[in-house]
There are 2 protein chains.
Amino acid sequence: MTLDDAAARLEALGNPTRLSIYRTLVRAGEGGLSVSALRERLGGALSTLSHHLQKLILIGLVIQERQGTTLICRANYDQMHGLVDYLTKECCADETDARQGDAA
Amino acid sequence: MTLDDAAARLEALGNPTRLSIYRTLVRAGEGGLSVSALRERLGGALSTLSHHLQKLILIGLVIQERQGTTLICRANYDQMHGLVDYLTKECCADETDARQGDAA
DNA sequence: CCGATATTCCTAGAAATATCGGAAGATGGA
DNA sequence: TCCATCTTCCGATATTTCTAGGAATATCGG
């Protein structure tokens, strides 16, 4: 993962509304949630929710799956783990371990 | 840590320039870096760098310490660990463990 | 095909952000 | 005190983002 990728994920999660969406999705777990179910829990306009969802989907933090008329949204745990890994290993590694980078 | 706090940290780190600043600071480790040393490594205008630094400092991700004429900037590891903890425990906990929240 | 429901797309305005050049403030040395 | 150095603050502009209402699209049941 590049620095720009990490920044994009961070930025996507950096908006309170989107972080709420993501957290709600994570907690819903297994079955995921439809867009309207999400709105029932979070409030706000549907178009706004969709807009944020698109951002999360584009980046890969959220996955959508069609189920009849409704689209089920699910959190993509792998992406989050990748991000956390980047933060803890590549970026925030102890300086002793980070010498392979640009520490020059 | 509240959701808004986490979002604020995430947003601060979500800008590529700021993530670079933070990463450079982390890798500098021990001694930290002065603002001008930071600019030598990252380029760009000094005022822009200062602006981003202020954001990072305000949130607590970066700490400044006076050393004679120069101000040394250091990464605040604790804040980052706190953020990672939030992401992995409070936010991205498995649904089985997250029932104390708003899972209703 | 038609109607109903679910979701996204288009459009738009207000607000925030990123970036910069140059001036101003702070600190230390002669 | 005066100068040199380091850093932040001021003012400005272009870009992006957030929010939302309403139209358009997709899918299903009859």
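By class, the surface near DNA strand D in this predicted model has four nonpolar, 16 polar and four charged residues. The classes work like this: Ala, Val, Leu, Ile, Met, Phe, Trp, Tyr, Cys and Pro are nonpolar, Asp, Glu, Lys and Arg are charged, and the others, Gly among them, are polar. A residue is near a strand if one of its heavy atoms lies within 4 Å of it.

Two sentences on conventions. Residues are numbered from 1 along each chain as its sequence is written, and chains are lettered from A and ligands numbered from 1 in the order in which they are written. The model is predicted, so local features need pLDDT of at least 70 and side-chain atom pairs count only at pLDDT 80 or more, while totals for chains, interfaces and linings use all residues; side-chain values use heavy atoms, with hydrogens and water left out.

Back to DNA strand D. There are 24 residues around DNA strand D, and Arg18(A), His51(A), His52(A), Ser36(B) and Gln64(B) come nearest. Of the atoms of DNA strand D that come within 4 Å of the protein, sugar and phosphate account for 69%.

Which elements supply at least two residues each of the surface near DNA strand D? From chain A they are α2 (16–28) and α4 (46–59), and from chain B they are α3 (35–42), α4 (46–59) and β3. The most comes from α4(A), which gives five residues. Helices here are DSSP runs of H or I with at least four residues, strands are runs of E with at least two, and both are numbered from the N terminus.

Now some polar contacts, meaning pairs of N or O atoms within 3.5 Å; within protein, one atom must be able to donate a hydrogen and the other to accept it, and residues adjacent in sequence count only if both atoms are side-chain atoms. On DNA strand D, an N or O atom in the side chain of Asn15(A) is 3.1 Å from a phosphate oxygen. Thr48(A) also has a side-chain N or O atom 3.1 Å from a phosphate oxygen of DNA strand D. From chain B, Leu71(B) places a backbone N or O atom 3.2 Å from a phosphate oxygen of DNA strand D.

Next, DNA strand C. It is surrounded by 24 residues, the closest being Ser36(A), Gln64(A), Asn15(B), Thr48(B) and His52(B). Sugar and phosphate make up 71% of the atoms of DNA strand C that come within 4 Å of the protein. By class, the surface near DNA strand C has four nonpolar, 16 polar and four charged residues.

Which atom of Val35(A) lies 3.4 Å from a phosphate oxygen of DNA strand C? For Val35(A) it is a backbone N or O atom. Ser50(A) uses its side chain, with an N or O atom 3.3 Å from a phosphate oxygen of DNA strand C. In chain B, a polar side-chain atom of Thr17(B) lies 3.3 Å from a phosphate oxygen of DNA strand C. The elements giving two or more residues to this surface are α3 (35–42), α4 and β3 of chain A, together with α2 (16–28) and α4 of chain B. Here α4(B) gives the most, with five residues.

On to the fold of chain A. Chain A has five helices and three strands, in the order α-α-β-α-α-β-β-α from the N terminus. An open sheet of three strands runs β1-β3-β2 in chain A, with antiparallel pairing; two strands pair if DSSP finds at least two bridges between them. β1 (33–34) and β2 (62–67) of chain A are at the edges with a single partner strand each, so one side of each has no neighbour in the sheet. The pairing of β2(A) with β3 (residues 70–75) of chain A covers six bridges, and Glu65(A) stands opposite Ile72(A) in β3(A).

Last, one residue from chain B. Asn76(B) is in the loop between β3 (70–75) and α5 (77–91) of chain B. Is Asn76(B) buried or exposed? Its relative accessibility is 15%, so Asn76(B) counts as buried; buried means under 20% relative accessible area, exposed over 50% and partly exposed in between, with a 1.4 Å probe and protein chains only. The side chain of Asn76(B) reaches the backbone oxygen of Gly60(B) at 3.0 Å. Beyond its neighbours within four places in sequence, Asn76(B) is in contact (heavy atoms within 4.5 Å) with residues including Tyr22(B), Leu61(B) and Ile63(B).
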